[in-house]
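Hello,

Here is the structure I promised to pass on to you. My notes on it follow below, with the cut-offs spelled out as they come up.

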Amino acid sequence: MRIRIVDAFTDRPFAGNPAGVLLLDAFPDDAWLQNVAKEVNHAETAFAHRLPDGGEADWALRWFTPTTEVALCGHATLAAAHVLRGTGAHEGPVRFATRSGVLVATPDADGSITLDFPTAPLTPVELPDGVAEALGAEPLATLDTGPNTGDLLVEVADEKTVRGLAPDHKALARYSARGIIATARAEDPSRGYDFVSRCFFPNVGIDEDPVTGSAHTALAPFWSERLGRPGLTGLQASPRSGLVRTEVRGDRTLLTGHAVTVIDGELLAQQPSGLA
């Protein structure tokens, strides 16, 4: 069966966030899906299969890290939509049935893809003891991002602080279900982005995620309120780096980015029946 590696939230290879993508006839058992994701060994691998016509969604979609299935993933959804468009398997907007409800991915005229995701419900919380020490910086604000992502969002002093973080990943694991999102206002918005972030997810086997679409469902409302604009651009300042354009529309957040297929190959492992 065909397997692709797609770099998401970037318009060039070897940047953004890589995701595996497999288009199937049906989902096999979970253990097989998890083993493939472990073998791919990127932040997420997306598995999708076509649904019958006439329903609320066109394709079923699941996401696995090397260690677990997750409830929401932006970059692997973007990667899956990119593969569907590039292979001709689906034309126009695609509706994905997922653990986080129906998510729509719409191709744009400039080659980018816009994802329609649920806005994270942000709840201010007291800074847990030890977070500052584990992160290596003193947070200015701390918020819970709700059940879809299960992160702790922390604002730090400035962009330089975000870029310089060298956290204790093992220590960070005790403070949230998935991990920590660290963010700050952009030092110079003329560079093309309004805020910066880095994402550390040790509880799902990812010490640092290169570019995290789902995190921007929390970052977008956080910074839109502070900057007074619904539409913003975020730079995730990981070593690979990537840009996410965001627009908050009430309980939905639009995430826009490009994607590039870097590897298109064949998976030779023993297959359960019913796979493409």
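How far apart are the mean positions of the 23 positive and 36 negative charges of the chain? They are 3 Å apart, where Lys and Arg count as positive, Asp and Glu as negative, and His and the chain ends are not counted. Each charge is placed at NZ of Lys, CZ of Arg, CG of Asp or CD of Glu.

Before the rest, some ground rules. This is a predicted model, in which local features need pLDDT of at least 70 and side-chain atom pairs count only at pLDDT 80 or more, while totals for chains, interfaces and linings use all residues. Residues are numbered from 1 along each chain as its sequence is written, and side-chain values use heavy atoms, with hydrogens and water left out.

**Overall build**

The chain has 6 helices and 18 strands (DSSP runs numbered from the N terminus, H or I of at least four residues for helices and E of at least two for strands). Its radius of gyration is 18 Å, close to the 19 Å from the globule rule for 276 residues, so the chain is as compact as a globular protein of that length. That radius is taken over C-alpha atoms, and the globule rule is 2.2 Å times the number of residues to the power 0.38. Along the principal axes, the C-alpha atoms fill a box of roughly 50 × 40 × 30 Å.

Of the 276 residues, 56% count as buried (under 20% relative accessible area, with exposed over 50% and partly exposed in between, for a 1.4 Å probe and protein chains only). The accessible surface comes to about 11600 Å², and 49% of it belongs to carbon and sulfur atoms (Shrake-Rupley method with a 1.4 Å probe; for residues, only the protein chains shown count as cover). Among contacts with a separation of 6 or more, 63% are between residues 24 or more positions apart (contact means heavy atoms within 4.5 Å).

**Salt bridges**

Side chains of opposite charge can pair when their charged atoms come close. The count here is 14 salt bridges, each a side-chain nitrogen of Lys or Arg within 4 Å of a carboxyl oxygen of Asp or Glu.

- Arg 198 and Glu 208 meet at 2.8 Å, N to O. Arg 198 lies in strand S13 (residues 195–201) and Glu 208 in strand S14 (residues 206–209), so this pair ties together parts 10 residues apart in sequence. Arg 198 is buried at 7%, whereas Glu 208 is partly exposed at 22%.
- Glu 159 and Arg 163 pair at 2.9 Å, N to O. Both belong to helix H4 (residues 159–164), 4 residues apart, or about one turn of the helix. Glu 159 is buried at 2%, while Arg 163 is partly exposed at 43%.
- Asp 30, Arg 62, Glu 69 and Arg 99 are linked in a network of salt bridges.

**Two more places to look**

His 49 sits in strand S3 (residues 44–50) and is buried, at 13% relative accessibility. Setting aside neighbours within four places in sequence, His 49 is in contact with Leu 24, Asp 25, Ala 26, Phe 27, Trp 59 and Ala 60.

Helix H6 (residues 216–227) is mostly covered, with 9 of its 12 residues buried, including His 216, Phe 222 and Trp 223. After H6 comes Gly 228, which has a positive phi near 75 degrees.

Best wishes
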